[in-house]
Amino acid sequence: MKLRLVFALAMIAVLSNPAFAYIDPGTGSLLLQGLLALIVGALATIKLYWKSISDVVARLFGRRQRSDRK
Amino acid sequence: MTLRATEGEEGSFRDPRGRVYSHDGRIFRAIAPKALGDYRWLMDSRLYSRLVGKRWLTAAVEIETPSTQTGSLVIEHERIPFVSYPYEWTFSQLKAAAVHQLDVHLEALDHGVTLSDASAYNVQFIDANPIFIDVLSFVRYQEGMFWAAHRQFCEHYLHPLLFTAKFGIPFNNWLRSNMEGLTGQDLVRLLPLHRKLSFRTFLNVTLPCWLQQFSFNNDAAVQRASSRYLSKAALVFMLTSLRDWILAMNPKSGTTTWGRYYETGHNYSGVEAEVKHRIVSEFIACRAPRTVWDMGCNTGIFSETALAAGARRVIGFDFDQMALEGAYRRAKEKKLAFLPLFQDAANPSPDHGWNGAERKSLFSRNNADALIALAFEHHLAIGRNIPLDQLVAWLVSLAPVGLVEFIPRGDSNLDRLLRHREDIFENYTEANFRSAIEDVAQVDRVDVVSTSGRKLYWYSRRA
């Protein structure tokens, strides 16, 4: 229990941003930015794997084209 | 140098990393040891010199190396000619300050620095130009950090601007009552449904407000959200999209009586206006003031004359928003040393905020060497029932010398003020006006400026 508390405090120390120091960012604003971070993160992941995704799509599309020709 | 606690500026307590002091008319800032790292980072990056070079940030010089006792560093700031507050600005001024805040932030991000707050009180105006004044707002940026001051930016800038843009009601009364600005909750309650749901308003105002209500007692969700990584690109996107949005905002249109006072019909023939301009010029040339206060400045036409006659700087006050917009445009387009501000002379800015001292009254910020008050006194003496002797004493208390216009009965502008009401102003006579001046000052000269009998009184205050 004590260990968990120490760990939690240590995490707060590590995670808390220095810019948060003296004004309250407000939970609404934090959640909004969290949401934005999530969306941007998702877009970035899609972009990262875009080549493989587009390859897969192209392959599917290509196959269908071939099957269309048949 | 010892900075005494009594010289501490009451408005600088919020950020414990530093404190502002005024001493002998100079402005100092003590920077606490815990803020020195960020301060050095700012100074050593090219950001500081870049911002100061562009006149986006006030300059500072180091006065003392960190003292061994407190570990604080003392710097001296350049002095702002006249400190004004957001509740004294027009829509265009708050808009310019908002854009400036965002521009400074974007420039800072290019140099690995971010802003820890977004208080509109950190922006001041030197004439028509906004300038950032708080070096301690700059902190090192680590990619992934959230914009901690997003809410403050919205409350101090975005919400008041939206409020005026959507409802056509000036934000000044609201901002004067609430130093924290206009909250999202209040604004969302006011907005009709279609406005709440319009795309940008929804994203920036309604959604955070709803999220805040949803997250009440849901600390886990907030914890989860705030541990996410906000890329720099996403942060820049937030800042630039707010900037674009604000730049496109305008106050909901409305016409007021005085907006075109000098462009359309007024009480002077062309010749009479010329006489008035000539006398203002003579007055300024004769008194050679550095700073002039123009009470009831309207669109700044006589402020401009005062500047042309040699005044170094004019601070103008009026309570007509549209006239002030015209004055601000005049100052900006003609690059005049002129700052027009909103002020209701019958209810001027008080000392208020924390401990009644955080923001200073108009009177305690007085820096006028001379005053002009043209077509002004009747609006207060007749329009607002201010006793003539009190009004004159107040005007004379603002500046050691001045030029005050007296509007006599029979003048069509004065008669218009009495049109729908009983004339209870038997004391409103030129003789009483003159004797009220003579109670506190000396009458140096009187010029008649219209056929209706308007007169310009030159006074100099008794020492």
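Predicted model: local features only at pLDDT ≥ 70, side-chain atom pairs only at ≥ 80, totals over all residues.
Residues are numbered from 1 along each chain as its sequence is written, chains are lettered from A and ligands numbered from 1 in the order in which they are written, and side-chain values use heavy atoms, with hydrogens and water left out.

Helix 3 (residues 91-110) and helix 10 (residues 232-247) of chain B pack with their axes 10 Å apart, at an angle of about 160°. This makes helix 3 of chain B roughly antiparallel to helix 10 of chain B. Axes are lines fitted to C-alpha atoms, for helices over the stretch in contact, with angles from 0 to 180 degrees between N-to-C directions; angles under 35 degrees count as roughly parallel, over 145 as roughly antiparallel, 65 to 115 as roughly perpendicular and the rest as oblique. Helices (H or I, at least four residues) and strands (E, at least two) are DSSP runs numbered from the N terminus. Residues in the contact (heavy atoms within 4.5 Å) include Leu102(B) and Leu106(B) of helix 3 of chain B and Leu239(B) and Leu242(B) of helix 10 of chain B. By class, the contact of helix 3 with helix 10 of chain B comprises 11 nonpolar, two polar and five charged residues, where Ala, Val, Leu, Ile, Met, Phe, Trp, Tyr, Cys and Pro count as nonpolar, Asp, Glu, Lys and Arg as charged, and the others, Gly among them, as polar.

Leu242(B) is also among the residues touched by Asn204(B), together with His150(B), Cys154(B), Leu158(B) and Trp245(B), residues up to four places away in sequence not being counted. Asn204(B) lies in helix 8 (residues 199-214) of chain B and is buried, at 16% relative accessible area; buried means under 20%, exposed over 50% and partly exposed in between (1.4 Å probe, protein chains only).

For helix 15 (residues 388-398) and helix 17 (residues 430-440) of chain B, the axes come within 9 Å and cross at roughly 45°. Among the contacting residues are Val392(B) and Val396(B) of helix 15 of chain B and Phe433(B) and Ile437(B) of helix 17 of chain B. Phe433(B) also belongs to a cluster linked by ring pairs, with Phe406(B), Tyr428(B) and Tyr457(B).

The whole structure contains 17 aromatic pairs over all chains; rings of Phe, Tyr and Trp (its six-membered ring) pair if their centres lie within 6.5 Å, with planes under 30 degrees apart counted as stacked, over 60 as edge-to-face and the rest as tilted. Phe125(B) and Tyr328(B) form an edge-to-face pair, with 6.3 Å between centres and 90° between planes. This pair joins strand 6 (residues 123-126) to helix 13 (residues 321-333) of chain B, its members being 203 residues apart. Both Phe125(B) and Tyr328(B) are buried. Phe202(B) and Trp210(B) also pair edge-to-face, at 5.7 Å and 75°, but Phe202(B) is partly exposed at 24% relative accessible area, as is Trp210(B) at 38%.
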